[in-house]
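Q: Please show the model, and then let us go through the terms used to describe it and the grounds for each.

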Amino acid sequence: MATPETVIPEKLSHKKYRAALRKEKRKKRRQNMARLRDLAAPPEEEEEEVSTEEQLKEKLLELERQKLHEEWLLREEKAQEEFRIKKKKEEAARKQREEQERRIKLEWEEQQKKQREEEEQKLQEKREREEAVQKMLDQAENDGTWQNPEPPRELRLERSRASCPFYSKTGACRFGNRCSRKHDFPTSSPTLLVKSMFTTFGMEQCRRDDYDSDASLEYSEEETYQQFLDFYHDVLPEFKNVGKVIQFKVSCNLEPHLRGNVYVQYQSEEECQAALSLFNGRWYAGRQLQCEFCPVTRWKIAICGLFEMQKCPKGKHCNFLHVFRNPNNEFREANRDIHLSPAWTGFSGKNSDKKERKDHHEEYYGKARTAHSSPHHSSKRNRESERKSTHRKKSHKQETRGHERHSSRRGREEDDSPGPQSQSHRS
């Protein structure tokens, strides 16, 4: 049987031509093998060839599976190693974090323990100080007069500083212990200061909010002054039981360091010391009194002069004393330090009494009328009052001068007149 010749197209590339040639050769080889197998080869040999080929394939597959298994084992071992390293790092980080938390907790507990110990120590020191003060007060009540002891001279390490003018004039400073100037605390003085003894509901409202200027607008001046009168008649007899009081002033300022302060000036320092030992630590109106010696002895420089004329630009927030006027102008001689002047006479006291009474009437009974008036009328009224006061002063000076001239002329006439009357007058 003749084999047909292979027909290969001519227009092919070299690569495609070679592939087609190989394909044709394989085809011829298979055909020849099939022919020979059909003709001469027994069936057993064919089975053996097939089995050998299958064994070879199985061996190749087994080798390939084994190789893949080894690669997988290597990857697994590497992954396990990485997992163990990661676990070790996480465990070390966890231990470090726990150690840090434990250390922070120990530090916090130690700090809390120290704070508790410091608070207990402060409370213990406070109790000891209170017990010591109470013991000294009891001892002072039993022994008589008592005053604060002076510190040892070797412990006085304060640098030389200028004295605070406000403390020396009013006995109080708005900076307190933070003041850059020196506060000369007197060891003995005729003036007693009781801090924040006089209180009203309006003052308490201002105490809650010092920056609210409208806190006490709903409380009128008449009500406040009436409360002061009740306080005056309630407290002054107690101070008078200790000794002779020559001045009694109550501050109506709204500043915290002057609010409700009571100033009591005695005739002698011994009486003031007795009052300090008697009133310091006592209770009045639900609060404990804090008494101390005050350096104020001259009230003309302590009291705000513009407040009496109702012209103080700072109002009740002034750092000088704005005081209530005492009823019946009691202690009027001490208002202008008249008791310190040796040339004071009853005539000047009488005139000052009239003037004080008139100012008292204008201040406390003319406020309701001036509060609702316009600024134009109020300024006009102030100018008229100033004009009247200057006219009154001039007329008073002219009267006194005329009285002096008349008395001197009369004395000269009596001296120059002859006769027994003049002789008897001279004798």
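This is a predicted model: local features need pLDDT of at least 70, side-chain atom pairs count only at pLDDT 80 or more; totals for chains, interfaces and linings use all residues.

Q: Which residues of α6 are called buried, and what follows the helix?
A: Buried means under 20% relative accessible area (exposed is over 50%, partly exposed in between; 1.4 Å probe, protein chains only). In α6 the buried residues are Cys-272, Gln-273, Ala-275, Leu-276, Ser-277 and Phe-279. Gly-281 follows α6, with a positive phi near 90°.

Q: Which strands form the open sheet, and in what order?
A: The order is β2-β3-β1-β6, four strands with antiparallel pairing. Two strands pair if DSSP finds at least two bridges between them. β1 (residues 191-194) and β3 (residues 262-266) are joined by four bridges, so they pair under that rule; Val-194 stands opposite Val-262 in β3. β2 and β3 have five bridges, so they pair as well, in the antiparallel sense; here Lys-249 stands opposite Tyr-263 in β3.

Q: Why do β2 and β6 count as edges of the sheet?
A: β2 (245-250) and β6 (291-294) each have a single partner strand, so one side of each has no neighbour in the sheet. The twist from one strand to the next averages 20°.

Q: How enclosed is β2 by the rest of the structure?
A: Five of the six residues of β2 are buried, so this strand is largely enclosed by the rest of the structure. Helix α5 (residues 221-240) lies across β1, β2 and β3, at about 145° to β2.

Q: Is Leu-192 buried or exposed?
A: Leu-192 has 0% relative accessibility, which is under the 20% limit, so Leu-192 counts as buried. Leu-192 is found in strand β1. Leaving aside neighbours within four places in sequence, its contacts include Phe-239, Val-264, Cys-272, Leu-276 and Cys-291. Leu-192 and Pro-295 are 103 residues apart in sequence and 8.8 Å apart in space, C-alpha to C-alpha.

Q: How do you know how many disulfides the structure has?
A: A disulfide is a pair of cysteine sulfur atoms within 2.5 Å, and a search of the whole structure finds zero. The sulfur of Cys-173 is 3.8 Å from the closest cysteine sulfur, in Cys-164, too far for a bond. For Cys-294 the closest cysteine sulfur is in Cys-272, at 9.0 Å, again too far for a bond. Cys-173 is buried, with a relative accessible area of 11%, and Cys-294 counts as buried at 0%.

Q: Where does UniProt place the feature "domain: C3H1-type"?
A: UniProt, in an unreviewed entry, places this feature at residues 158-186 and 298-325. UniProt annotations may be inferred rather than shown by experiment; positions are given in the numbering used here, and feature names are shortened. In the model, the end C-alpha atoms of residues 298-325 lie 17 Å apart, and the span is 14% helix and 0% strand.

How values were computed:
Residues are numbered from 1 along each chain as its sequence is written. Side-chain values use heavy atoms; hydrogens and water are left out. Helices (H or I, at least four residues) and strands (E, at least two) are DSSP runs, numbered from the N terminus. Axes are lines fitted to C-alpha atoms, for helices over the stretch in contact, and angles run from 0 to 180 degrees between N-to-C directions. Contact means heavy atoms within 4.5 Å.
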